[in-house]
Structures are given as structure tokens and as C-alpha cells.
Amino acid sequence: METFVQTYEVGIRIGLFLGIFAVMAVWEVLAPRRLLTVAKTVRWMNNLGLVALNTMLLRVLFPAAAVGMAAFASEQGWGLLNYVAAPPPLAVAVAVIAMDFGIWLQHVMVHAIPVLWRLHRVHHADLDYDLTTGARFHPIEIILSMLFKFVTILVLGPPVLAVILFEVILNGMAMFNHGNVRLPLGLDGALRWMLVTPDMHRVHHSVEDDEANSNFGFNLSWWDRLFGTYRDQPRGGHEGMTIGIHGYREPREVSWLPGLLALPFRGKITGYAINRREWSGSGFHRG
């Protein structure tokens with residue numbers, strides 16, 4: 001099974017990406033959670049253009065990507081899990097959970113360190129919130145994220161199958177929890193005990209400081225609950241909340257590809273974004 005998955009990894013990932021994207025896109029049309037403020041054609045063209053640019057860049061810089069690094073670590077016997085004689089299913093489960101925590105920690109870091117927040121603003125400055133927001137990141141952040149993932153793999157030593165599963169989960173859940181979709185409240189509440197739902201993560205994209213600096217998870221909701229960063233609902237409700245960053249409301253700056261690429265290099269960072277966790281009524285600052 002592992003050999004089959006590793007051999008056809010690229011095809012499996014592309015197929016699942018397209019399938020999940022199509023399902024979420026139809027769901028957003030049939031049961032939207034919020035009205036969009038910017039034409040979907042403009043946002044999708046530029047957000048997906050950024051995705052295409054990042055994909056090509058990663059293929060050039062890191063042809064083997066995370067899966068190749070996992071295979072290399074396994075061959076060298078590097079990483080904690082390569083020193084433990086755990087049953088393969090247990091090793092895969094532990095690795096996926098540990099990498100999930102790593103991504104949560106990385107997300108906290110990009111809010112806590114000014115130069116990283118400067119890059120991460122590209123993700124948060126989207127004026128609307130839908131499945132394309134989940135893949136909207138600056139190329140430099142994408143490269144740094146891959147390097148962080150490499151370090152995590154070298155330290156952890158996860159099975160190759162675990163890395164493939166994690167990458168599939170990462171892409172699928174990013175589209176799901178950034179979806180402009182409506183779940184029944186009872187189902188949403190039940191799912192939140194394990195998984196990040198669209199309503200849970202949408203709070204993180206609020207312009208308000210205390211709301212934006214919460215709900216950092218992308219897959220498992222445990223970490224935010226354990227570390228005190230969980231927020232149940234936005235203050236103004238999901239239909240009434242404002243998405244984005246105060247001061248970055250011009251579509252030319254935050255919805256078109258040239259503006260997205262230039263965004264990290266504009267303005268000054270005045271403080272640690274994550275330290276602004278009290279609601280002042282003025283919203284998430286430009287810094």
C-alpha cells in the first residue's frame with residue numbers, strides 16, 4: 001500500500017485537490033455563509049494565479065518536496081521515530097498528529113514575529129473568505145514554510161506514508177475550513193471537538209485583534225483549546241464580521257496579483273501582531 005501511494009503520490013494529490021476543490025466550489029454556490037464583497041472572478045483569478053506561481057516555484061526549488069525529505073530521513077535513519085520500534089500504523093498516526101502540531105506552531109510564529117507577519121499579511125488581507133483564501137500565501141512564506149517542514153521531518157523522522165497523508169490532509173482541510181459554507185450548528189459544534197470547521201477558522205480572519213489572534217489550527221482543533229487560543233464565535237456574528245486587515249481595504253492592493261506580491265514590502269511593522277490580543281475597537285492594525 002505504501003509503495004503504491006508513494007509511486008502515484010503526485011497523481012493522488014492532484015486528483016484529491018481537484019475533487020475537493022470542485023465539491024467546495026459547488027457547496028459555496030449552493031449554501032454560502034456570507035455575501036462576497038469583491039467580484040469572485042477577480043479574486044479567484046488572482047488568488048489562483050498566486051497558487052500557480054507558488055506551485056511552479058516549489059517544483060523548481062524543491063523537486064522532491066516533503067515526501068522526498070521523508071524518504072531521505074528514513075534512508076539515513078534520522079529522526080525520533082526512526083529510533084523507536086513502533087508498529088507502522090501507530091508511527092503514521094503519531095507522525096500526522098505531531099506534524100499537525102508543527103503547522104499550528106508555525107502559524108503562531110508567523111503572527112508573533114514581525115518580519116514573518118509582514119509576509120503572512122498576504123493571507124489575511126483577502127477582503128473575502130472562501131476556499132481560494134486557504135491557498136493564498138506569498139511565495140517567500142511558501143518557501144519558508146517548506147523549509148520549516150523539512151526541519152520538522154528531519155527531527156521527527158516520520159514514515160513516508162505519514163507525510164503523504166499529512167500533505168493531502170493539509171490541502172483538503174485548508175480548502176474546507178476556508179470555505180464560504182454553512183454547516184448546521186449542531187454538526188459544527190460536534191466537529192469542533194476534533195476538527196477545525198469553517199466557522200471556527202473564519203474567526204481567525206476577523207479584522208479585530210483579539211479574534212484574529214485566535215483559532216490558529218488548520219486541521220485538529222485540540223491545540224487552540226490546549227493553549228488557550230480558542231475562540232468560539234466572532235463578536236459581530238459570521239454575517240456581520242469584517243474580514244481582512246484594517247487599513248488594507250483597497251482591492252487593487254489586496255485582490256490583484258501585483259499588489260499581493262508587493263504587500264509585504266509596504267508600510268512599517270510597529271509591533272508584534274500576536275501581542276495585540278485585547279479588543280480596542282480599532283481592529284487589526286496595518287503593522
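In the predicted model, helix α5, which spans residues 88–112, packs against α7 at an angle of about 140 degrees, and the axes of the two helices lie 11 Å apart. Two packed helices are described by the angle between their axes and the distance between the axes. Because angles over 145 degrees count as roughly antiparallel and those from 65 to 115 as roughly perpendicular, α5 and α7 are classed as oblique to each other. The crossing that α5 and α7 form is right-handed.

Charged contacts were examined next. Side chains of opposite charge can pair when their charged atoms come close. With a side-chain nitrogen of Lys or Arg required to lie within 4 Å of a carboxyl oxygen of Asp or Glu, the count comes to 16 salt bridges. One of these joins the side chains of R43 and D130, with an N to O distance of 2.8 Å. R43 belongs to helix α3 (residues 40–61), whereas D130 is placed in the loop between α6 (114–124) and α7 (139–156), so the pair ties together parts that are 87 residues apart in sequence. R43 counts as buried, because its relative accessibility is 1% and the term applies under 20%; D130, also at 1% relative accessibility, counts as buried as well.

A salt bridge is also found between the side chains of D126 and R136, at 3.7 Å from N to O. D126 and R136 both lie in the loop between α6 and α7, so this pair ties together parts that are 10 residues apart in sequence. Both D126 and R136 are buried.

In helix α10, which covers residues 198–202, R202 and D199 are three residues apart and are thus separated by about one helical turn. The side chains of R202 and D199 meet in a salt bridge with an N to O distance of 2.6 Å, and R202 is buried, as is D199. Through salt bridges that share partners, R202 and D199 are joined with R33, R182 and E239 into one network.

Technical notes
Residues numbered from 1 in each chain as written. Predicted model: local features only at pLDDT ≥ 70, side-chain atom pairs only at ≥ 80, totals over all residues. Heavy atoms only, no water. Helix = DSSP H or I, 4+ residues; strand = E, 2+ residues; numbered from the N terminus. Buried < 20%, exposed > 50% of the residue type's maximum accessible area, 1.4 Å probe, protein only. Axes fitted to C-alpha atoms, helices over the stretch in contact; angles between N-to-C directions. Parallel < 35°, antiparallel > 145°, perpendicular 65-115°, else oblique. Left-handed = near helix turned anticlockwise from the far one by under 90°.
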